[in-house]
Amino acid sequence: MDKELICELVRNNLDRLDPAQLLHNRLYLVLRQVILDGQLHGGEQLPSTRLLCKELNLGRNTVVRAYEQLLIEGYLEGRTGSGSYVSEALSGRKNFASPKRLIGTRREGLSRRGNQIASHATSSAIQRGAFIPGVPDTEQFPFSTWKRLYTKHLNRESGRFLDYSGGGYGPLKSAIAEYLGVARLMSCHPQQVLILNGSHQALDLCARMLCDVGDRAWIEEPGYWGARNVLRASGLTTVPIPLDDKGIAPAAQDWETPPRLIYVSPSSQYPTGTVLSLERRLELLEGADRTGAWIIEDDYDNEQRYDNRAVASLFGLASRQRVIYQGTFSKVLFPGLRLAYLVLPEDLVEAFQIGNSELYRGGRLIEQAVLAEFIAEGHFTAYIKKMRSVYRERRDVMRAEMESHLGGALSLSGGHAGLQLLYCFTEEVDDAMVASDALSKGLIVRPLSMYYQDKDLVRNGMNLGYGGVPVERIRSAVPMLAQVVEERIQATRRSRLAR
Ligand SMILES: Cc1ncc(COP(=O)(O)O)c(C=O)c1O
């Protein structure tokens, strides 16, 4: 079918859907319907995301998200260098059961808050491949050890492990306190550790226990959108505070309307990789003391550090107890484990324990017991050590490949820790367009602009994950990415000249 015709077909169907639905969901539903109805055949090429944006007057991210979803569900396949095609596996098939019910589905039942959460969706359905950021390698995980420990705990005392977990499994809390003492120079008692199902839940608990609806929370700009969304969903007003090369940089007048909560990632700021300087750390602690603000220190991946030792935690530096430390096993082990933890100032422990039990109850005792033993038997530190060298090699190859193919077009930020590298463009380029061009070649690029709350502060760049990408794939994918970037730079220059 002619590309213009496809655009027309999509436009007509899009208009029939409930406008309260998120645009990218509507677009996904329409395209899926058109494919299932057989109006587009297996092997047929879809309009480029650029054309669809232009014809339907849609944002680039909207179209990219819809295509991404179709890609992972198998309706589309990307072919190197030539765009997105209806999956060959669908050729020759007719009379798919069309889920017509979905077309026209309304979001009437949602609250204002629910709609706000849904309309700020930023997390990706794709969690694997070059160059998804922030994702660890899971292929090298010691599955047999994990399985042995799991089986052991399932067989023994199983009943006990099927209960609610309250604040967490004692031996795991002790193992974490001990580990943090060594790795992060933190002196804390196991009772101060509270185990939760992931960092988002941990942050949600902090927001609910420490803040009221409408309170202000400072967040880093650019910063981790997941944290921003959680804080907003808890009714807080997020205030973006820009970064400089020393980390979060609140101005004197920012302190005049102090926040209730300050969310920072001091060891390796996400996504820039900046380490919060000592001077800023002290300023932040002093400001929090003075104004009664709480600091959440998100120490999400300090284990992946390649060139220098980790700086000590903010928690360990605080003389007064205004810092809550947040850690996760998502990066160091695997994200599906859903185990994170807070280390709380002593005065908060009891209330947070109650809050956790009332709000979430807690579970996953078997996993917690397995993890405690995994740490106790030494597998945890061995795995960290092994993966650090795997990631270091990938980081080095990625940096070298990027430098040799795109050196002049980009500047690197940080890169001493973590699972991803952040590159800023050295000239004007629309990073969302680069991401959509890359996607049509099967590459995932997170545009830096997506990490900003204040659109006036936006810088364009690419956050590129290498953690889960083998060296050979880095070597083959970087030249493809370089071609996409070069073409986009050339196109931008041409349109600038034409203006
Ligand atoms: C800065 C930062 N903190 C926390 C998390 C999420 O951790 P969890 O899987 O424990 O929710 C992420 C995930 O990408 C992250 O980038």
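A charge sits over a ring if NZ of Lys or CZ of Arg is within 6 Å of the ring centre and within 35 degrees of the ring normal. Arg 290 meets this over the face of Trp 255, at 5.6 Å from the ring centre. The model is predicted: local features need pLDDT of at least 70, side-chain atom pairs count only at pLDDT 80 or more, and totals for chains, interfaces and linings use all residues. Residues are numbered from 1 along each chain as its sequence is written, and side-chain values use heavy atoms, with hydrogens and water left out.

**Charge over ring**
- Arg 322 lies over the face of Trp 294, at 4.1 Å from the ring centre.

**Aromatic pairs**
- The structure holds 17 aromatic pairs. Rings of Phe, Tyr and Trp (its six-membered ring) pair if their centres lie within 6.5 Å; planes under 30 degrees apart are stacked, over 60 edge-to-face, and the rest tilted.
- Trp 146 and Phe 374 form an edge-to-face pair, because their planes stand at 75° with centres 5.3 Å apart.
- This pair links distant parts of the chain, 228 residues apart: Trp 146 is in helix H6 (residues 143–155) and Phe 374 in helix H14 (residues 365–376). Helices (H or I, at least four residues) and strands (E, at least two) are DSSP runs, numbered from the N terminus.
- Trp 146 is buried at 10% relative accessible area. Phe 374 is buried at 0%. Buried means under 20% relative accessible area, exposed over 50%, and partly exposed in between (1.4 Å probe, protein chains only).
- Tyr 224 and Tyr 270 also pair edge-to-face, 5.7 Å centre to centre with 90° between the planes.
- Tyr 224 sits in the loop between strand S4 (216–221) and helix H10 (225–233), and Tyr 270 in the loop between strand S7 (261–264) and helix H11 (278–291), so the pair ties together parts 46 residues apart in sequence.
- Tyr 224 is partly exposed at 27% relative accessibility, whereas Tyr 270 is buried at 10%.
- Ring pairs join Phe 141, Phe 143, Trp 146, Phe 334, Phe 374 and Tyr 383 into a cluster.

**Ligand site**
- Residues around the ligand include Ser 199, Tyr 224, Tyr 270, Asp 298, Thr 328 and Arg 338. The cut-off is a heavy atom within 4 Å.
- An N or O atom in the Ser 199 side chain is 2.7 Å from a ligand oxygen atom.
- For Thr 328, a side-chain N or O atom is 2.6 Å from an oxygen atom of the ligand.

Conventions:
A polar contact is a pair of N or O atoms within 3.5 Å; within protein, one must be able to donate a hydrogen and the other to accept it, and residues adjacent in sequence count only if both atoms are side-chain atoms.
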